[in-house]
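Subject: Structure for you to look at

Hi,

Here is the structure I promised to hand over. Have a look at it first, and then read on for what I found.

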Amino acid sequence: MGESSAHWARTPERSNLLALRFFCALALACGRRVARLVLHPLTLYFFMFSPGPRRHVKRYLARAIGRGSNWRDGYRLIHAFAATVLDRLYFLRGRMDLFDLRVVGHEALDAELARGRGAFLLGAHVGSFEAVGASRQTSEQPEGLPLAMLMYLDNAQRIHAVLTAISDKRCRPEVIPLGQPDSMLQLRDWLDAGGLAGLLADRTLPPRAEDQGQRGSSRTVNFLGHPAEFNDGPFRLAALLRRKAFFMAGAYLGGNRYEVRFEALADFSAVAPGQREAAIQDALQAYVARLEALCREHPYNWFNFHDFWQEDAR
């Protein structure tokens, strides 16, 4: 990979712990309507003083929208990102009364949950992951979907710690840390119990010997008209554990509206060993096609602030 990507997993967090705690306290004490007044100053600050991410956002939007993007487009995307970060607090507190949440395509996922086999949900840095986890919350089931997030805890530890501290434990998703000696055992046990394993599959990761191959390898796929690298690790995990994989997204539609969608991607439960590599490639292609369609449909929802196409290196 090009050095310009820097790599995103090693990029320091742009967060201040004291500011994060203050913003969380303000949001919980004053409510969502008052807290949203702070979003524009935060958006303006990030837009003005982050030239690198602003450049990457402009490149992406030009390809997703199909025309030359301007500063209004970039500002709109960053504001949408700030809004979803704020709403994470309320999703994690179980405040579903604040949102207009629509769920589409859940029938196939419900059928798999009824079988008790567990499945993989493969998403991206699109909209709100917390909206996906909370999409099935009811008064009888406040925790929503039986969803565990698979993640490397190398990055964003500060904001993760703050959000964990303020969330309702019934609404907080499980976290299975990857890259540890017992990661695969934890994941298998979770799936065997009928749980869902969620991964964000739109980032590549530098390989490490201690990860036991969990990070997979990079494959070049055409995305929004240009070659881009995607990691096949999430699909390789699903194939190794012989589970179904679904595409997930919690698109932010503005205001208090979200649309959560699920789409079947691949069924690895009956793939013969000799067909595994072809099945992984097909699943990756299907994932990228769905992500591209979503970016064109909701262009201000893909929150990637890195050199995704590695153009700075060239």
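A quick definition to start with: contact here means heavy atoms within 4.5 Å. Helices (H or I, at least four residues) and strands (E, at least two) are DSSP runs, numbered from the N terminus. Buried means under 20% relative accessible area and exposed over 50%, with partly exposed in between (1.4 Å probe, protein chains only).

Please keep in mind that this is a predicted model, where local features need pLDDT of at least 70 and side-chain atom pairs count only at pLDDT 80 or more, while totals for chains, interfaces and linings use all residues. Residues are numbered from 1 along each chain as its sequence is written, and side-chain values use heavy atoms, leaving out hydrogens and water.

First, the overall picture. The chain has 11 helices and nine strands, and 49% of its 314 residues count as buried. Take the contacts between residues at least 6 apart in sequence: 78% of them join residues at least 24 apart.

Now to α4 (residues 51–65). Its buried residues are Gly52, Pro53, His56, Val57, Tyr60, Leu61, Arg63 and Ala64. What do they pack against? The partners are α3, α5 (71–92), β7 (226–231) and α11 (276–297). After α4 comes Gly66, with a positive phi near 90 degrees.

The axes of α4 and α5 come within 10 Å and cross at roughly 100 degrees; axes are lines fitted to C-alpha atoms, for helices over the stretch in contact, and angles run from 0 to 180 degrees between N-to-C directions. The two helices are therefore roughly perpendicular (65 to 115 degrees; under 35 is roughly parallel, over 145 roughly antiparallel and the rest oblique). Val57, Tyr60, Leu61 and Ile65 of α4 make the contact with Asp73, Gly74 and Leu77 of α5.

Helix α3 (residues 39–49) has Leu39, Thr43, Phe46 and Phe47 buried. These cover an arc of only 100 degrees around the axis, so they sit on the same side of α3. Pro41, Tyr45, Met48 and Phe49 are exposed, on the face turned away from that buried side.

Lastly, α10 (residues 233–240) and α11 have axes that come within 9 Å and cross at roughly 130 degrees, so this pair is oblique. Phe235, Arg236 and Ala239 in α10 meet residues of α11 including Ile280, Leu284 and Tyr287.

Cheers

Note on methods
The arc is that of the directions from the helix axis to the C-beta atoms. The expected span of a helix is 1.5 Å times one less than its number of residues.
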